[in-house]
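Me: I would like to go through this structure and ask what stands behind each label. Please set each value against its rule.

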Amino acid sequence: MNVLVGIKRVPATAGQITLTPDGQEIDTRYLGFTVSPHEECAVEEAVRLIEKHGGSSTVLTLGPEAAIDQLREAMALGIERAMLLETDGREWDPVATAAAMVEAIEAERAAGRTYDVVMFGNESADSAGYQVGVRVADALDLPCVTGIKALEVTNGHATVRRQTESGWEVADVPLPAVLTVKEGINLPRYPSLPGRLKAKKKEIERSTPQWQDGGLEKIRLKLPVQVGHTVEILGKDGDPGVQVVELFQRLRLL
Amino acid sequence: MAGIWVFAETVDGTPKPVVLELLTKARSLGEVTAVALGPSASKAIQTLGEYGAKKVYVHEDPAFRDVLATPAVDLLARLIEKDQPDLVLFGMTYDGRDVASRLSARLWTALIANASDVVNKDGGWAIVTPVFGGTVLVTTVPLAKAPTLVLIRPKAVAAEPASPASAPQVETLTDQVDTGTRAARVLRREKEKASGPKLEDAAIIVSGGRGLGAPENFKMLDELAAELGAAVGASRAVVDAGWKPYSFQIGQTGKTVKPSVYIAIGISGAMQHTVGMKGAKTIIAINKDPEAPIFKLADLGIVGDVHTIVPQLIQEVRSRKGK
């Protein structure tokens, strides 16, 4: 079987976020970059599918040239091919992103490469639009299940489990299909040193997509006001027993 | 008056809580129509009216329950073409997201996900979306053709019944639902077996991090939680380490919680964790490192060794309960 995984380069969110002076973009000059956690799990799941069923795996991203780092990380984990849809560094909205990915997948099909499973993370760590996977599915007229936490493939069908507000749903979906993966489906492996070295030498297939307008205009980004806050430390040098009693008196929890 | 639609998800005829929040918001923006789909959906009509729906579309075909997203998208697309509403609100639930995203692709209209508010602006709408776990707020104005689709986060709006409430006009649909063969079908649904309160609903949460030192030390937290009637949570670090399953994870890629009391035990307080719990009314931190970022957020702190303090805490609770 053939599996395609879509990923996104996102700022490492533990860092302090600052905005550009015009309030239109996140100032990324001092930020580190990574792949969203859900997508790390999608990459791992794709590698496992191929290990189990044979076939080929491809990773796809839309982003600046620097996103090659994230493609190589995926290849270091065992993905074979990588494709970069190169942008000028602007943040593409989900409509434009999905349209560009659909075009790339159709070009693959024209070149004789079809995919049984197209996988994404459930949402990205930065804008969390939850849409790219669903939009790609609709454009390609494929069924789609989002937020999956378990995946089993047999006889051209996938059985997937996903969490809902009240429990779990188990669904059957005929392949080809789009599946979006949620963190927790697996524990991603660490890349091996030979894996990293191999990934470094691999070719990245590059193309430059055209932006297709989805009709949204961003007015501005705004940092919320940071409220000054002080913690009250209970009897720092005291006896922990006394601290605990004091805590309960404060809270009148019981 | 602007036509505001609400996708009214129901479970066995009861609207999901977020639906009542959406209706409360919707009626402040215009004339509200609710769309309720699936078996027993008609049972929800009265409640939908009480929260402000003037009109309700109902279709009770089981396909809306058994096939993911696509039947609802097909029907909504048809109704929207016919009635041309200005705005359609969805709850940010699993099904709400799937339906809204596919509908937006189908209608080629704008969708804004993860919104916390919608307001009138210059005769149109401005939609507020928190990103980076709420550290940046984005305001978006849709320019595409109507309707604008908006996914609103649960608990972003407080649900309040309309006064005076009126019985809505009801239109029951019975047209054939074609699901096709290439669809994702639900085989079964399982209710989660929960011991103690669910994290999302708990009034008190006891949450542990790396500072506990070893997975077996989580047992202290289970004991404390049982005494307090609290739910147990965990930071991503310990979930990654395999100490607790993902369902315990609180934070950016886990659950968002708003308890009255959040007790963070051995949690350093990385941003990825705090975005999931900073809405707690009172935050108590127990950590041996006085410089840990969690103390910048906490209301009450104890600097000390969790292995000494937590057992004393359990003992104290027990003695107060007269055990």
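Me: Where is A:Tyr115 found?
Reply: A:Tyr115 is found in the loop between helix H3 (94–110) and strand S8 (117–121) of chain A. Helices (H or I, at least four residues) and strands (E, at least two) are DSSP runs, numbered from the N terminus. This is a predicted model, where local features need pLDDT of at least 70, side-chain atom pairs count only at pLDDT 80 or more, and totals for chains, interfaces and linings use all residues. Residues are numbered from 1 along each chain as its sequence is written, chains are lettered from A and ligands numbered from 1 in the order in which they are written, and side-chain values use heavy atoms, with hydrogens and water left out.

Me: Why is A:Tyr115 called buried?
Reply: Buried means under 20% relative accessible area, exposed over 50%, and partly exposed in between (1.4 Å probe, protein chains only). A:Tyr115 has a relative accessible area of 9%, so it is buried.

Me: How far is A:Tyr115 from A:Thr146 in sequence and in space?
Reply: They are 31 residues apart in sequence. From C-alpha to C-alpha they are 18 Å apart in space.

Me: How many disulfides are there over all chains?
Reply: The count is 0. A disulfide is a pair of cysteine sulfur atoms within 2.5 Å. The closest cysteine sulfur to that of A:Cys41 is in A:Cys144, 17 Å away, so it is too far for a bond. A:Cys144 is in no disulfide either.

Me: Are these two cysteines, A:Cys41 and A:Cys144, buried or exposed?
Reply: A:Cys41 is buried, with a relative accessible area of 2%. A:Cys144 also counts as buried, at 10% relative accessibility.

Me: What makes B:Phe7 and B:Phe90 an aromatic pair, and which kind is it?
Reply: A pair of aromatic rings is described by the distance of the centres and the angle of the planes. Rings of Phe, Tyr and Trp (its six-membered ring) pair if their centres lie within 6.5 Å; planes under 30 degrees apart count as stacked, over 60 as edge-to-face and the rest as tilted. B:Phe7 and B:Phe90 are 5.4 Å apart, centre to centre, with 45 degrees between the planes, and the pair is tilted. B:Phe7 lies in strand S1 (residues 3–7) and B:Phe90 in strand S6 (residues 87–91) of chain B, so the pair ties together parts 83 residues apart in sequence. B:Phe7 is buried at 7% relative accessible area, and B:Phe90 is buried at 0%. A search of the whole structure finds 3 aromatic pairs over all chains.

Me: What makes B:Arg97 a charge over the ring of B:Tyr94?
Reply: The rule asks for NZ of Lys or CZ of Arg within 6 Å of the ring centre and within 35 degrees of the ring normal. B:Arg97 lies over the face of B:Tyr94, at 4.9 Å from the ring centre. B:Lys244 lies over the face of B:Phe248, at 4.6 Å from the ring centre.

Me: Which residues line the largest cavity?
Reply: The lining includes A:Val134, A:Pro143 and A:Cys144 from chain A, and B:Leu68, B:Asp98 and B:Arg102 from chain B. Lining residues have an atom within 4 Å of a point; a cavity is a set of points, on a 1 Å grid over the protein atoms alone, where a 1.4 Å probe fits but cannot get out. The lining divides into 7 nonpolar, 1 polar and 2 charged residues. Here Ala, Val, Leu, Ile, Met, Phe, Trp, Tyr, Cys and Pro count as nonpolar, Asp, Glu, Lys and Arg as charged, and the others, Gly among them, as polar.

Me: Where does B:Ser40 lie, and what is its phi?
Reply: B:Ser40 lies in the loop between strand S4 (31–37) and helix H2 (45–50) of chain B. Its phi is positive, about 65 degrees, although B:Ser40 is not a glycine. Most residues other than glycine have a negative phi. B:Ser40 has a relative accessible area of 28%, so it is partly exposed.

Me: Which residues does a cis peptide bond join in chain A?
Reply: A cis peptide bond joins A:Leu175 and A:Pro176, with omega about 5 degrees. A:Pro176 lies in the loop between strand S11 (167–174) and strand S12 (177–181) of chain A.

How values were computed. 1 Å grid on protein atoms, 1.4 Å probe; cavity = no way out; pocket = protein on both sides within 12 Å on 5 of 7 lines; lining within 4 Å.
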